[in-house]
Number of protein chains: 2
Amino acid sequence: MERIIECVPNFSEGRDKDKIEQIVGCFRNVEGVKLLDYSSDEDHNRSVVTVIGEPEPLKDAMVAAIGKAVELIDMTKHQGQHPRMGCVDVVPFIPIRGVTVEDADALAKAVAKEASEKFGQPFFLYEKSATAPHRENLAKVRQGQFEGMAEKMKDQEKWKPDFGPNTIHPTGGVTAIGARMPLIAYNINLDTSNLEIAQKIADKIRHVKGGFRYCKAMGVMLEDRNIAQVSMNLTDYTKTSVYTVFETVRMEARRYGVNVLGSEVVGLIPLQAIVDCAEYYLGFENFDPKQVLETRL
Amino acid sequence: MERIIECVPNFSEGRDKDKIEQIVGCFRNVEGVKLLDYSSDEDHNRSVVTVIGEPEPLKDAMVAAIGKAVELIDMTKHQGQHPRMGCVDVVPFIPIRGVTVEDADALAKAVAKEASEKFGQPFFLYEKSATAPHRENLAKVRQGQFEGMAEKMKDQEKWKPDFGPNTIHPTGGVTAIGARMPLIAYNINLDTSNLEIAQKIADKIRHVKGGFRYCKAMGVMLEDRNIAQVSMNLTDYTKTSVYTVFETVRMEARRYGVNVLGSEVVGLIPLQAIVDCAEYYLGFENFDPKQVLETRL
């Protein structure tokens, strides 16, 4: 696969194995699509699927899975701890290789258009695909959840769906769909047991307090090591780089006479984010990620 | 493929397309083996194949290819500019993923054992597989070339093959085989047009002059940019790291009041070598290369 987009749809069914398998089955044995992982949580009553594929076959598989979810999941009977508003609750598309965030955005819109026409499910475009600033944040879009959504959508100026009918699907609710960048969970450990210092540094770099646009951050204690940590989510590493936040945290820590002990990546990180660090520190000229041997495998 | 070894065999036939295709054909349509690239040079009369695979199927394919070369190539009639001593001249095995250099070494020995028994071809173990220091360097092993090899091998104390008969195969000559690490071609650009400074820095870091064990280096001029460059081959990046030579060159340049402008990787670089840089500069704790998203594809 030359052009790869990742999709991580969340379905509001985490208990009925048969229904889950029917939905996940839409991603199996499809040329140009690969099911990487899926997991179901009974308390949340929710399943999260991770799938990658080339744009066109991924579109067809995702539309089919939405059709299955609309058919099998009745939100009027759904109970679970996780906030949710639709049988397919949220469908993020993430550019991985050989594609841009614009390609992921185009795919999100194509899926929403086709699925709304075929199954009568309404869609809100969110994140990078959002058509208004108040629709970017998933939590704000989902506020009110399935039960409150019909009422919320009466304010059509603010909450008219981008695709499909102007109110909820009676059993399917409404779905958020859109492009987003891969998220990097990144933590920096400080040589201090003073949590307040980590919190102050976090405030300097987090977007809501005047810091970097694509950085969420907070100070936390690592009790077992008795050290404070700046814990971050980087929501667009192409705009707010890993090395940028690292060097800024180090710089801010200096005013407290505190050293940086190290840092850690939690979960996955795109190759480009690692390459960006090598490019910065080693001054790489004209480096192409395709020079990384493993990308040839 | 979970465990991947790369093999770059050099065959002493670069003109007869039919023979080349018969040899290369041994790597086609083999489960667990992937032919990445091959190219033939008519002046050198030599073909270089790049193939990856899991150890066991790669062994079988490589043994088959050696059999074909012994059958089709007659070294008594071979002419070409590139030094050579056998129908299969050299067979390096390079650990890529999920394997160690010891695994590559074991594979080299298994191929040499089986191919020597089946086809009567003798093998010298070289590089990381060498059984004596004077056999590590390919150029020294190959000295005398095909025409001089029978005479050279009369000195059995120094040049008894590690596998196969004690002298050359009458038409197949003798083959060097062994494990080596991926080679990284890496250059550092200096903010000076004084070549002598690059040469002096190169002498500080190259192994033969007392520098790093796995670093070959020289000073060169980039005429079009009018700057001097320290040009390197790093022959084992796990022992002599990219960031180590970068920081050392920067440190040495300081004594001449010269800044480092940047650096460049020529050709391929293993993911781990890039990760090593991020680990050093960002102080990554417990980072696993499997956290790089692309390795999951």
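Guide: A salt bridge here is a side-chain nitrogen of Lys or Arg within 4 Å of a carboxyl oxygen of Asp or Glu.

Visitor: How many salt bridges are there between chain B and chain A?
Guide: The count is two. In one of them, Arg225(A) pairs with Glu285(B), and the closest N and O atoms are 3.0 Å apart.

Visitor: What should I know about the model and its labels?
Guide: It is a predicted model: local features need pLDDT of at least 70, side-chain atom pairs count only at pLDDT 80 or more, and totals for chains, interfaces and linings use all residues. Residues are numbered from 1 along each chain as its sequence is written, chains are lettered from A in the order in which they are written, and side-chain values use heavy atoms, without hydrogens and water.

Visitor: How many residues does the contact take from each chain?
Guide: Chain A gives 41 residues and chain B gives 41 residues. Contact means heavy atoms within 4.5 Å.

Visitor: And what area is buried between them?
Guide: About 3,600 Å², with 66% from carbon and sulfur atoms. Buried area is the accessible area (1.4 Å probe) that two parts lose on being put together, summed over both.

Visitor: Which three residues of chain B supply more than any other three?
Guide: Leu282(B), Glu285(B) and Leu297(B), with 19% of the area chain B buries against chain A.

Visitor: New topic. Which domains does chain A have?
Guide: Domain 1 (4–179) and domain 2 (184–296). The bounds come from an automatic or database domain assignment. The C-alpha centres of these two domains of chain A lie 31 Å apart.
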